[in-house]
Amino acid sequence: MQLILESLFNGVAIGSVLLIAALGLAIVFGLMGVINLAHGELMMLGAYSTYVTQLVFKTPLLQPFYNCYVIVSLIVAFLVAGIVGILLERSIIRRLYGNPLETLLATWGVSLILQQFVRSVPLAYASGFIITILIGLILPLIIPKKVHHHSRAYVVKAGVWGISVLFGLLSANWLATSISRIGRASARNVDVTAPMWMRGGFDFLGITFPVTRLVIIIITIISVFSVTWFLNQSVWGMRIRAVTQNREMSECLGIATNKVDVLTFGIGSGLAGVAGVAVSLLGSVGPNVGGSYIVGCFMVVVLGGVGNLLGTIIASFSIGIMTDLIGAGRLISIWPDMPTPLASTVDFFATTSMARVLIFALIVVFLQFRPSGLFPQKGRMVEN
Amino acid sequence: MTLTKRFVIGLSSIALGASITGCGGGNQTSGCSDCDAEVTVGILHSLSGTMAISESTLVDTEKMAIEEINAAGGIKVGGKKYEIKYIVEDGASDWPTFAEKSKKLITQDNVPVVFGGWTSASRKAMLPVYESRDAFLYYPIQYEGQECSNNIFYTGATPNQQSEPATEFMFKRSPAAGKPFFLVGSDYVFPRTSNTITKEQVKSLGGTVVGEDYLPLGNTEVAPIIAKIKKALPNGGVIINTLNGDQNVAFFKQIQDVGITPGNGYYVMSYSIAEEEISTIGPEFLSGHYGAWNYMMSINTDASRKFANNFKRRWGSDRVVADPQESAYNMVYLWKAAVEKAGTFDDNSVREALVGIKFDAPQGPVEVMPNHHLSQTVRIGQITSSGQFRILESTDGPVQPQAWNQFEPSSKGYACDWTDNSKGERYRF
């Protein structure tokens, strides 16, 4: 019992990292059909946002609230990755809808650019840049509508961007001077340290549950529920689903498909940022952090069935549980008197490398029988 | 080819190379004031990609050694004083690139020596290039041994100068003495070879290895490995760690969360964690665990302090020095000594002159052995909360290097000697 519980927890822990990483991709790739190879780099931006947030919370002003920086960083990471995602969509991907191969190459290029960006631009100035765009996009929403329709609207526009650039520069300068560590560019990996309450683990039924893993599981559950709610209950969610199912028809019915595209891509990218927070709690943060997750993300989405959230959830948890069962050699401890030939086979695959090989092989075999994954999408979209 | 002719060709090709690539070492700060000639050497490490973090520290150290030599009057050959110039090439963490850039440095730039490499994979990729052109590579990293090339000079530790004393210490004198071993590593040549040796050694010491696992490069999901360790070592024990780079961060963060700590009787001995890595991972995750090196920044001698202080003065007060950097520093000085002893830059003469050269390194005296490796002092240290090693043990004097491992059955009884034509790369002693 204890063994099964421990195995289940481990599997869920591994699976929830996969799921949170793949959730954004399930939306971008699943609903919009965009093969976004820069998804891993959006995660990386989320992880770096966590690092910067952590350092900001170490300054004397915010020191008393240090313990809750993780919660703040979730929002920051969502915004940062979301904004970069929207910029990406508006500038590049929008022009390539319907050309999956070109999108694939372009986003791969973007991923390289983003990696080099964090290597060669000091984090303080990168943060300033993001703040500039953030203010520049939000400020017009606050200004009353009629100003926009004034004949001198361009003056207002210029003023808004002037203010945002000023704010961006000021905050970049403040960050660079008060936190010297992010004032210089560095290709070096950095480290997010979890606050004290997230360190260690607690014992229950003789099993140690690491707190970081529990936090990640909770973040994943909340994200999945919010996404499900958003897609199924909210007005914009309904529009997104409508555009997914039939773009032309939705357009005819007066849905602003352009806005829907921006929103969908922004949310998908923002979720990648949230995944970045989770990942930063487990390992180190570096320019290459996204690369180690991107293959897993696509694997999960394809296995689950493109365009199906439930499929993604089930796929990531089954991969997680299988990784643990095979890779940690748990099958033998669960069934100790396994016949010898079987036991030696299981033992052969009970290493991390071989477990990966076996899981990939199983997925390939599975996709032979169900090429569209666990839950194939039905309806018009499939016919296109 | 006479030296002058070779030199003229070298210079002209350097000028050509520099004008084409624009990377002809123009940023040297301290030159040699009274030198009357120049010699250009090659530096080949990764300045981009995964390995850049580690390898760029070697470039810094090699530049510093070259600047020190220049400031002290350069290299004295045949009554002339040569100022050392350098060409830095980027191996880009990509092994074929290392081979390609080596070819460029040897044939196009005509450098008499290349200082380069970090990973065993990069060395294996470069080896045929140097052997086929009879050129000379100086390689500064502790490695798995089982190699002895006439065209490579290895200034890092062989397993009997690092992992073997460390295994013995963990089994006999550490707080986990006598307890079982678990081996964790990244999935490539160094950890696998090193662990094969460790397994043989633990067997001969009378201990047990209860498990081993390798994390594929680029994968940071360590949960299955941690589950295995908990199952295999329920009451504490020794973990031998040969993980690489970022994977260490994930590993040490997460083992602490599940209670695999020195306080609970688990001691990790790492072969790839030096001062530089400690500061990246964070001493709070590492304190109490062990490391084994030839040089540690905390060595309390004048030579060691001078090395550390000079490095800080040159590159910034927050920088640290570690074993690989010390090796890189030594090899520049050893090459200088060999050239001066030979009285020429000619490869074959320098290679002959090299064996037997002694040098007072920051770690203490080292000597070049006939198998192109260095005799070095071995130290075992425990990581402190300030990010340094507290040195627990140190061998009485330098340990002789064994290129062919004596625990591994396939190489037992073999040695390497390049001073004797009848012996060479591998002979039975």
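pLDDT is the predictor's confidence in each residue, on a scale from 0 to 100. This is a predicted model, in which local features need pLDDT of at least 70 and side-chain atom pairs count only at pLDDT 80 or more, while totals for chains, interfaces and linings use all residues. Residues are numbered from 1 along each chain as its sequence is written, chains are lettered from A in the order in which they are written, and side-chain values use heavy atoms, with hydrogens and water left out.

**Confidence**
- Chain B has a mean pLDDT of 87, and 93% of its residues reach 70 or more.
- In residues 10-29 of chain B the pLDDT is below 50, although this stretch has 25 contacts in the model beyond near neighbours in sequence, a contact being heavy atoms within 4.5 Å.
- Where pLDDT is low, the predicted coordinates should not be read in detail.
- For the complex, the predictor gives an ipTM of 0.79 and a pTM of 0.81.

**Interface between chains A and B**
- Chain A brings 37 residues to the contact and chain B brings 31 residues.
- About 2800 Å² is buried between chain A and chain B, with carbon and sulfur atoms giving 46%; buried area is the accessible area (1.4 Å probe) that two parts lose on being put together, summed over both.
- One salt bridge is counted between the two chains, where a salt bridge is a side-chain nitrogen of Lys or Arg within 4 Å of a carboxyl oxygen of Asp or Glu.
- Arg213(A) forms a salt bridge with Glu221(B), their closest N and O atoms being 2.7 Å apart.

**Helix α8 of chain B**
- Helix α8(B), residues 245-257, is mostly covered, with 10 of its 13 residues buried; helices are DSSP runs (H or I, at least four residues) numbered from the N terminus, and buried means under 20% relative accessible area, exposed over 50% and partly exposed in between (1.4 Å probe, protein chains only).
- Among the buried residues of this helix are Phe251(B), Phe252(B) and Lys253(B).
- Gly259(B), which follows α8(B), has a positive phi, near 85°.

**Salt bridges within chain B**
- Arg305(B) and Asp302(B) form a salt bridge with their closest N and O atoms 2.8 Å apart, and both lie in helix α11(B), three residues apart, about one turn of the helix.
- Arg305(B) is partly exposed at 37% relative accessibility, whereas Asp302(B) is exposed at 60%.
- Glu340(B) and Lys336(B) meet in a salt bridge at 3.6 Å, N to O, and both lie in helix α12(B), four residues apart.
- Glu340(B) counts as partly exposed at 28% relative accessibility, whereas Lys336(B) counts as buried at 18%.

How values were computed
Helix = DSSP H or I, 4+ residues; strand = E, 2+ residues; numbered from the N terminus.
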